[in-house]
Amino acid sequence: MQSEPETVCNVAISFDRCKITSVTCSCGNKDIFYCAHVVALSLYRIRKPDQVKLHLPISETLFQMNRDQLQKFVQYLITVHHTEVLPTAQKLADEILSQNSEINQVHGAPDPTAGASIDDENCWHLDEEQVQEQVKLFLSQGGYHGSGKQLNLLFAKVREMLKMRDSNGARMLTLITEQFMADPRLSLWRQQGTTMTDKYRQLWDELGALWMCIVLNPHCKLEQKSSWLKQLKKWNSVDVCPWEDGNHGNELPNLTNALPQGANANQENLGQCKSLEYQHLPAHKFLEEGESYLTLAVEVALIGLGQQRIMPDGLYAQEKVCRNEEQLISKLQEIELDDTLVKIFRKQAVFLLEGGPYSGLGEVIHRESVPMHTFAKYLFTSLLPHDAELAYKTALRAMRLLVLESAAPSGDLSRPHHIASVVPNRYPRWFTLSHIESQQCELASTMLTAAKGDVRRLETVLESIQKNIHSSSHIFKLAQDAFKIATLMDSLPDITLLKVSLELGLQ
């Protein structure tokens with residue numbers, strides 16, 4: 001700044017294999033990131049490499065000196081810095097002259113200018129103490145003064161480190177997590193039985209997502225994974241550690257926190273990304289021809305969306321299930337499907353239909369399995385122009401909502417003296433059920449629209465609606481939808497659709 005007097009700072013930077021491994025600066029500024037003086041010196045070194053003279057390691061230079069030169073070198077060094085180094089020099093001299101000293105048991109001497117061994121781990125300099133202090137400060141502000149934004153910036157820094165394969169990413173996240181675990185509000189909320197705020201819980205979600213990126217990193221070593229697992233188990237065993245479901249499943253539904261309708265409302269933020277173009281980059285070392293990073297990413301997304309998973313207990317976790325699914329589908333909708341990607345969609349749809357217990361679209365699923373309506377609607381619209389039969393098969397399979405089905409009796413009914421024990425119809429706390437039913441209705445409506453003019457398919461969709469939809473208001477909405485579709489102005493009324501509308505209306 002022009003108003004401030006000019007100051008001269010002494011800066012030292014150590015490098016190892018193109019990484020800054022340590023920094024010191026006399027300015028005394030403390031921050032997670034490098035001070036302006038360290039950045040300035042780094043830029044100077046990058047832009048004017050010829051101005052910074054390169055030397056051999058000092059141990060090599062000393063090796064080339066004879067005894068008189070060595071004595072002159074040491075005495076001049078002590079003379080220039082006598083107030084700083086004289087006590088250390090005298091102490092070292094005494095130890096070297098003593099036969100039994102520890103220093104004489106070690107072969108050779110350290111050289112700070114020689115760099116590390118090629119096998120040694122090397123990582124960028126990170127001021128761990130400052131990371132801890134900053135996170136502690138932001139958490140103590142409780143979301144005020146933009147502290148939540150600051151924490152998200154730190155998370156973004158971790159993501160950047162992971163992208164660059166910088167081992168500091170895991171170190172920094174460990175430091176952040178330790179401060180989150182030490183937050184005194186956790187024990188306070190636990191004692192009072194109150195829930196943490198949604199903003200704060202979103203920060204915990206981000207922590208979990210980043211740890212998932214770290215432990216799934218294919219480039220990390222087995223011993224690293226082992227140490228992270230140990231650390232995660234240790235944190236998980238702490239009483240105040242929040243559960244993913246929220247406050248240990250004790251929370252009541254917040255009726256004002258209704259979920260938005262439709263797959264795009266929350267985005268049978270991301271708006272700014274719409275301009276992105278997704279391209280096929282060839283993926284080397286993969287077996288099948290024609291595969292690219294895009295096809296692999298799409299395939300992994302479809303596998304993840306189609307996996308069978310049990311609905312979690314808490315309100316927040318159930319909302320998160322819907323939110324995450326809709327976000328992922330929204331990202332997929334940005335991609336234009338070409339022939340290669342259509343093949344992936346067809347292959348995955350077939351796998352999911354035949355996938356057994358791992359698939360949410362398998363023939364038999366758990367009663368409390370997360371429904372596939374939203375995902376199936378996306379699959380249906382994507383597959384319809386290319387393979388209508390497969391599209392309908394997938395959507396019809398996904399129409400079920402087993403949690404609303406009554407439980408079947410169990411026991412040996414062939415022996416009258418045995419009283420049949422009825423499995424209790426435990427109605428689970430599905431806080432997002434109204435949202436789920438609306439998605440089921442959307443899927444059915446999409447199929448009715450697409451089946452206009454096809455008697456066989458309309459009858460099949462009608463049967464599915466009558467079998468699987470239990471909400472009278474949704475059945476009536478579908479009756480209205482069928483009537484509108486049947487009587488569009490640009491064509492003659494579809495008699496079959498009118499019959500469907502009538503049947504649903506009567507039901």
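Burial first: a residue is buried under 20% relative accessible area, exposed over 50%, and partly exposed in between (1.4 Å probe, protein chains only). What you have loaded is a predicted model, so local features need pLDDT of at least 70 and side-chain atom pairs count only at pLDDT 80 or more, while totals for chains, interfaces and linings use all residues. Residues are numbered from 1 along each chain as its sequence is written, and side-chain values use heavy atoms, leaving out hydrogens and water.

**Stop 1: lysine 499.** Select lysine 499, which sits in helix H19 (residues 495-506). Helices here are DSSP runs (H or I, at least four residues), as are strands (E, at least two), numbered from the N terminus. Buried or exposed, this lysine 499? At 55% relative accessibility, lysine 499 counts as exposed.

Stop 2: Next, pick helix H16 (residues 433-450); its 18 residues should span 26 Å at 1.5 Å a residue, and the end C-alpha atoms are 26 Å apart, which agrees. The expected span is 1.5 Å times one less than the number of residues. Of those 18 residues of H16, 14 are buried, so the helix is largely enclosed by the rest of the structure.

Bring in helix H18 (residues 472-486): the axes of H16 and H18 come within 10 Å and cross at roughly 25°. That makes the pair roughly parallel. Axes are lines fitted to C-alpha atoms, for helices over the stretch in contact, with angles from 0 to 180 degrees between N-to-C directions; under 35 degrees counts as roughly parallel, over 145 as roughly antiparallel, 65 to 115 as roughly perpendicular, and the rest as oblique.

For the contact (heavy atoms within 4.5 Å), show Glu437, Ser438, Cys441, Ala444, Ser445, Leu448 and Thr449 in H16 against His474, Lys477, Leu478, Asp481, Ala482 and Ile485 in H18.

**Stop 3: H15 and H17.** Which residues of helix H15 meet H17? Show Ala388, Glu389, Tyr392 and Leu396 in H15, which meet Arg456, Arg457, Thr460, Val461 and Ser464 in H17. H15 (residues 388-398) and H17 (residues 455-468) pack at about 10°, with axes 11 Å apart, and they are therefore roughly parallel.

Stay on H17 and click asparagine 468, which lies in that helix. At 7% relative accessibility, asparagine 468 counts as buried. Leaving aside residues up to four places away in sequence, asparagine 468 touches Met399, Arg400, Leu401 and Gln440.

**Stop 4: H14.** Now go to helix H14 (residues 373-383), where nine of the 11 residues are buried, so H14 is largely enclosed by the rest of the structure. Among the buried ones are Phe375, Tyr378, Leu379 and Phe380. What covers the buried residues of H14 includes helix H11 (293-306), helix H12 (315-333), helix H13 (339-353), H15 and H16.

Stop 5: Most residues other than glycine have a negative phi. Jump to cysteine 18, in the loop between strand E1 (11-16) and strand E2 (19-25): this non-glycine has a positive phi of about 70°. Cysteine 18 is exposed, with a relative accessible area of 73%.

Finish at arginine 165, in the loop between helix H6 (147-163) and helix H7 (168-181). Arginine 165 has a positive phi of about 55° although it is not a glycine, and at 61% relative accessibility it counts as exposed.
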